[in-house]
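Hi everyone, thanks for making time.

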Amino acid sequence: MFDAPIPGMSLTHELGARPWQSPPQYTTVDEAVEYYLERMSTDEFMDQMADVLEMNIPVTTLANTIQLAGVMDGKHTVDVGMLVMPLLMEMIMLIGDNAGVKYDTGLTDAPNNTTKDTLIEAVRKEMQQKIDESEEEPEAEEEVTEEEPKSGLMARR
Amino acid sequence: MPLINPAKQLYASMDIENLDVPVKRSDSKGLLAPTRNAMAKEQDPRTSQPAFKVGHHMLLLRKERERLKNV
């Protein structure tokens, strides 16, 4: 939420200074497809992609990130990126299948009955804090001293 | 406003299962067979559409994935 650009942020640089403000390197879908397929076919890329897929990051997120990086680098336009994205997803899934990784496609809606790990961790910390507090309390009670026996003349025996 | 990832909708809208790739006709190879019909359209106009090209590429990759799963 806090990563969103502030109003007017796009006007802080000279027009044309950014890669996406100048004509793209690959103007057609064919050229963009060729660029991506060539890049994604390297052993280095496939190894890295298999590692990322093992982290359970959805394929949809990865494809969107890759095409967005292409736009930001001035490789192609947003329109070409949108057209190419399904192909990127298919290619990523092929890499995952090839590496034998069980990956999340991101095409199915996440079930609502699952509990996030972060939530479980937050509850665990809260419970631990309460346990620690309850363990500390009895020590404070022990400090109460016993009443000394009255030894006055009028004291009851 | 949350950032929206259009990948899911784009992937679903490709519908490559129903993508009918035009099959090239095998021309007769006789000596008197016409070599080229100048009036005939060279190719299906759909094939020049970018989305069709992407779908065709996807179909090839999908077949490769299915082949890997079946092995």
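Predicted model: local features only at pLDDT ≥ 70, side-chain atom pairs only at ≥ 80, totals over all residues.

Let's start with A:Arg124, which pairs with A:Glu121 in a salt bridge, the closest N and O atoms lying 3.0 Å apart. Both residues sit in helix H5 of chain A, residues 117-142, and because they are three residues apart, about one helical turn separates them.

A:Asp30 and B:Lys53 meet through their side chains in a salt bridge, at 2.9 Å from N to O. A:Asp30 belongs to helix H1 of chain A, residues 29-40, and B:Lys53 to helix H2 of chain B, residues 50-70, so this pair joins two chains. A:Asp30 counts as partly exposed, with 35% relative accessibility, and B:Lys53 is partly exposed with a relative accessible area of 26%.

Next comes A:Glu90, whose salt bridge with B:Arg65 has its closest N and O atoms 2.6 Å apart. This pair also crosses between chains, from helix H4 of chain A to helix H2 of chain B. Are these two partners buried or exposed? A:Glu90 is buried, at a relative accessible area of 0%, and B:Arg65 counts as buried at 8%. If you follow the charges onward, you find a network of salt bridges that links A:Glu90, A:Asp97, B:Glu17, B:Arg62 and B:Arg65.

A word on chain B itself. Its secondary structure is two helices and zero strands. Of its 71 residues, 20% count as buried. The accessible surface of chain B is about 6,200 Å², and carbon and sulfur atoms account for 57% of that.

Back to chain A, for a histidine. A:His76 is in the loop between helix H3 (59-72) and helix H4 (78-99). At 2% relative accessibility it counts as buried. Which side chain does A:His76 contact? That would be A:Tyr36, through a polar contact of 2.6 Å.

Last stop, the surface. A:Asp43, A:Glu44, A:Asp47, A:Asp51 and A:Glu54 form a negative surface patch. One of them, A:Asp47, lies in helix H2 of chain A, residues 43-54. With 51% relative accessibility, A:Asp47 counts as exposed, because the cut-off for that class is over 50%.

How values were computed. Residues numbered from 1 in each chain as written. Chains lettered and ligands numbered in written order. Heavy atoms only, no water. Patch = residues over 30% accessible without salt bridge, like charges linked within 9 Å, V, L, I, M, F, W, Y side chains within 5 Å. Areas by Shrake-Rupley, 256 points an atom, 1.4 Å probe, with all protein chains shown as cover. Salt bridge = Lys/Arg side-chain N within 4 Å of Asp/Glu carboxyl O. Lys, Arg positive; Asp, Glu negative; His and termini not counted. Charge placed at Lys NZ, Arg CZ, Asp CG, Glu CD. Helix = DSSP H or I, 4+ residues; strand = E, 2+ residues; numbered from the N terminus. Buried < 20%, exposed > 50% of the residue type's maximum accessible area, 1.4 Å probe, protein only. Polar contact = N/O pair within 3.5 Å; in protein donor to acceptor, adjacent residues only side chain to side chain.
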